[in-house]
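Let's take a walk through this structure together, one stop at a time. Have the sequence and the 3D view open as you read.

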Amino acid sequence: MSDHRAQAAAHDAADPLAPLREQFLLDDTVYLDGNSLGALPRTVPGRLADVIAREWGEMRIRSWTESGWWSAPERVGDRIAPLVGAAPGRVVVGDSTSINVFKAVVAGVRMAGRGCTEILVDATTFPTDGYIARSAARMTGLAVRPVEPARIADEVTERTALALVNHVDFRTGRLNDLPGITAALHSAGALAVWDLCHSAGALPVGLDAHGVDLAVGCTYKYLNGGPGAPAYLYVRESLQERFDSPLPGWNSHTEPFGMEPEYAPADGITRGRVGTPDILSLLALEAALDVWDGVAIEDVRAKSLALSDFFLDCVAGYVPAGRVRSRTPSEHRRRGSQVSLECADAGGVMAELTRRGVVGDFRHPDVLRFGFTPLYTSFADVERAARVLGEVLRERPDAGEDAG
Ligand SMILES: *Cc1c(COP(=O)(O)O)cnc(C)c1O
């Protein structure tokens with residue numbers, strides 16, 4: 001047995017989260033793409049079958065009250081809240097991340113008030129956030145200025161309404177400094193709006209503790225809610241009264257069944273709702289969240305860092321020198337829960353890895369991305385992924401050398 005294989009076995013034997021893997025439906029492929037689509041928790045199919053056959057099939061309309069469908073957006077929000085460091089009543093689930101970005105940015109501009117002329121957007125953002133921020137800016141008469149997260153503290157001015165920042169960069173896995181950037185924005189009088197898609201469920205976020213104003217995130221990555229599972233919106237408690245939604249639907253009305261022509265917003269986080277929730281996806285997510293019962297996010301973070309450290313170590317051992325270069329920060333406090341390796345013909349290499357049972361993903365133009373989901377990724381998975389990557393690269397011509 002190689003050194004790395006022996007080390008993987010020792011790490012797995014000592015891993016307190018290792019038993020959680022049994023709660024997911026997995027096969028013998030190495031799945032390192034849970035940061036795009038989380039694996040299926042075993043409790044979900046049975047729960048969803050019951051929702052369909054009994055709650056929908058037999059109870060029909062009664063389920064809105066008797067099965068708790070109506071209040072599910074807030075109830076499931078309260079299940080997500082501890083994972084992102086929020087007290088109950090601050091997170092509501094519904095709609096996609098893109099739509100919640102729109103709600104958060106427009107509501108943030110409305111709260112920021114007169115005199116603000118610009119929105120700062122993470123220059124390295126996931127594209128949808130940038131597109132929506134630009135449209136929201138056009139609608140509210142503000143300008144958009146792209147700024148690197150590390151430069152926000154220097155670039156924010158008294159004319160900045162808010163900054164929209166990704167907590168973890170989806171390309172490189174860089175963890176941005178949420179406490180520091182939030183504090184810098186606040187000291188200039190601007191709001192902090194965070195996109196948690198690649199951090200929630202992988203590392204502690206601390207929304208309440210750091211005074212974050214607004215946040216959004218998706219639930220189908222590290223939270224394993226399933227394809228298209230609804231996203232969530234967080235609104236800081238002291239801002240909820242001023243949260244003026246750009247999408248005021250009947251579900252966020254103070255009297256949804258009053259059918260009033262005039263809109264009057266409900267109190268609290270219910271203001272973040274729009275229309276009829278996507279009940280099947282929402283209840284699949286609720287069942288998927290059971291795997292988090294009794295799990296401390298600090299333990300998840302510790303394992304995530306151990307997995308990415310071990311992966312980099314195995315890559316250094318197995319992959320011929322010079323064939324890949326890590327674009328993920330080596331410092332723990334700057335690293336999310338993935339490793340991105342720059343590699344010639346990354347698309348072709350990932351296709352071959354997948355054929356050999358190692359699933360990560362390829363991000364244009366030259367990145368191999370490997371996501372570590374500590375609830376079900378083992379150290380043996382990580383060792384095998386690096387070993388197969390080494391085999392694949394040794395069999396392929398070195399494009400770098402060909403080019404001289
Ligand atoms: C995955 C992801 C999204 C996805 O948005 P959808 O509306 O669910 O398609 C948005 N932002 C970031 C940072 C993401 O990583």
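Start at Leu-83, which is buried, with a relative accessible area of 7%. Here buried means under 20% relative accessible area, exposed means over 50%, and partly exposed is anything in between, with a 1.4 Å probe and protein chains only. Accessible areas come from the Shrake-Rupley method with a 1.4 Å probe, and for residues only the protein chains shown count as cover. You'll find Leu-83 in the loop between α4 and β4; helices (H or I, at least four residues) and strands (E, at least two) are DSSP runs, numbered from the N terminus.

Before going on, a word about what you're looking at. This is a predicted model, in which local features need pLDDT of at least 70 and side-chain atom pairs count only at pLDDT 80 or more, while totals for chains, interfaces and linings use all residues. Residues are numbered from 1 along each chain as its sequence is written, and side-chain values use heavy atoms, with hydrogens and water left out.

Now to the ligand. Which residues surround the ligand? They are Ser-96, Thr-97, Ser-98, Phe-126, Thr-128, Asp-129, Asn-166, Asp-195, Cys-197, His-198, Tyr-220 and Lys-221. A residue counts as near a molecule or strand if one of its heavy atoms lies within 4 Å of it. By class, this shell has three nonpolar, six polar and three charged residues. The classes work like this: Ala, Val, Leu, Ile, Met, Phe, Trp, Tyr, Cys and Pro count as nonpolar, Asp, Glu, Lys and Arg as charged, and the others, Gly among them, as polar.

Some of these side chains come with distances to the ligand. An N or O atom in the side chain of Ser-98 is 2.6 Å from a ligand oxygen, and a side-chain N or O atom of Asp-195 is 2.8 Å from a ligand nitrogen. For Lys-221, a side-chain N or O atom is 2.6 Å from an oxygen of the ligand. Taken alone the ligand exposes 390 Å², and the protein buries 86% of that. The elements that give two or more residues to the shell are α5 (97-112) and α6 (127-140).

Asp-95 has a positive phi of about 65° although it is not a glycine, and at 30% relative accessibility it counts as partly exposed. Asn-224 also has a positive phi, near 60°, and is a residue other than glycine. Asn-224 sits in the loop between β9 (214-217) and β10 (232-235) and counts as buried at 3% relative accessibility.

Next, the charged pairs. Side chains of opposite charge can pair when their charged atoms come close. A salt bridge is a side-chain nitrogen of Lys or Arg within 4 Å of a carboxyl oxygen of Asp or Glu, and by this rule the count comes to 36. In one of them, the side chains of Glu-286 and Arg-75 meet at 2.7 Å, N to O. That pair links distant parts of the chain, with Glu-286 in helix α9 (residues 279-288) and Arg-75 in helix α4 (residues 72-80), 211 residues apart. Glu-286 counts as buried at 13% relative accessibility, while Arg-75 is partly exposed at 30%.

Arg-145 and Glu-118 form another salt bridge, at 2.8 Å, N to O. Arg-145 lies in strand β6 (residues 143-147) and Glu-118 in strand β5 (residues 118-122), so the pair ties together parts that are 27 residues apart in sequence. Glu-118 is buried, with a relative accessible area of 8%, whereas Arg-145 is partly exposed at 25%.

Asp-361 forms a salt bridge with Arg-363, and their closest N and O atoms are 3.5 Å apart. Salt bridges that share partners join Glu-118, Arg-145, Arg-151, Asp-154 and Glu-155 into one network.

A last stop is the loop between β14 (361-363) and β15 (367-371), where Pro-365 lies. The peptide bond from His-364 to Pro-365 is cis, with omega near 0°.

Terms used. A polar contact is a pair of N or O atoms within 3.5 Å; within protein, one must be able to donate a hydrogen and the other to accept it, and residues adjacent in sequence count only if both atoms are side-chain atoms.
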